[in-house]
Amino acid sequence: MILAVLVDRDPVMRLVAAAVTALRHDGVVATHVPDLPSLDATLRAVTPDLVVTDLSLTGRGPHDALSAVRAAWPGPLAALTGDDSPAAHSACVQLGAAHWLKPLTPREIADAVRAANDRQPKVTP
């Protein structure tokens, strides 16, 4: 069982909601949080295997979003985003995050979560 935290400021994003449901069927327990304060609170309560975040989380660009999440979470990190810009790719590479482009099906997200979890060493914060 993999524990993943999905961080996205859009609470009605159907893709994430569908993915959470699909992930449970694929051996992944996923929690959805809307923002960085919620992520901080969640990380104080549980130690996930992976954090997946949207790159528009802070509204100030992909590097800022990933840096903020990375400051809260030193473990495996992935970006789920529609941003295919060089800045987004660069931020992911610099901060050690997998870069997944939307739209993805729930099955593709589940497969990507498992692959990212398998590739990265476990970190206990």
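In the predicted model, L36 lies in helix α2. The relative accessibility of L36 is 22%, so this residue counts as partly exposed, the cut-off for a buried residue being under 20%. Along the chain, L36 and A65 are 29 residues apart, and their C-alpha atoms are separated by 9.3 Å.

A65 belongs to helix α3, which spans residues 62-72. The buried residues of α3 are P62, A65, L66, V69 and R70. These residues cover an arc of only 130° around the helix axis, which places them on the same side of α3. Helix α2, made up of residues 36-45, packs with its axis within 10 Å of the axis of α3, and the two axes cross at roughly 20°. Because of this angle, α2 counts as roughly parallel to α3, given that angles under 35 degrees are classed in this way. The crossing of α2 and α3 is right-handed.

The crossing of α3 and α4 is right-handed.

Helix α4 covers residues 86-94, and within this helix A88, A91 and C92 are buried. Viewed down the axis of α4, the buried residues fall within an arc of 100°, so they line one face of the helix. On the other side of α4, the residues P86, V93 and Q94 are exposed, meaning that each has over 50% relative accessible area. Helix α4 is followed by G96, a residue with a positive phi near 70°.

The strands were examined next. Strand β3 consists of residues 50-53, and both of its faces are covered. On one side of β3 are L50 and V52, on the other V51 and T53, and all of these residues are buried. In a regular strand, side chains alternate between the two faces of the sheet.

Strand β3 pairs with two other strands. Strand β1, residues 2-7, runs parallel to β3 and is joined to this strand by four bridges. Within this pairing, L6 has V52 of β3 as its bridge partner. Strand β4, residues 77-81, also runs parallel to β3, and three bridges join the two. Here the bridge partner of T53 is A79 in β4.

In strand β4, five of the five residues are buried, so this strand is largely enclosed by the rest of the structure. L77, A79 and T81 point one way from β4, whereas A78 and L80 point the other way. Strand β3, helix α3 and strand β4 together make a β-α-β unit, and this unit is right-handed.

A further residue of interest is I109, located in helix α5, which comprises residues 106-119. The relative accessibility of I109 is 1%, so this residue counts as buried. I109 is 57 residues away from V52 in sequence, while the distance between their C-alpha atoms is 10.0 Å. V52 is itself one of the buried residues of β3, and is also the residue bridged to L6.

For the chain as a whole, five helices and five strands are found. Read along the sequence, these elements follow the pattern β-α-β-α-β-α-β-α-β-α. The chain has 125 residues, of which 46% count as buried.

Methods: Residues are numbered from 1 along each chain as its sequence is written. This is a predicted model: local features need pLDDT of at least 70, side-chain atom pairs count only at pLDDT 80 or more; totals for chains, interfaces and linings use all residues. Side-chain values use heavy atoms; hydrogens and water are left out. Buried means under 20% relative accessible area, exposed over 50%, partly exposed in between (1.4 Å probe, protein chains only). The arc is that of the directions from the helix axis to the C-beta atoms. Two strands pair if DSSP finds at least two bridges between them. A crossover is right-handed if, with the strands pointing away from the viewer, the path from the first strand over the helix to the second runs clockwise. Axes are lines fitted to C-alpha atoms, for helices over the stretch in contact, and angles run from 0 to 180 degrees between N-to-C directions. Angles under 35 degrees count as roughly parallel, over 145 as roughly antiparallel, 65 to 115 as roughly perpendicular and the rest as oblique. A crossing is left-handed if the near helix is turned anticlockwise from the far one by less than a right angle, and right-handed if clockwise.
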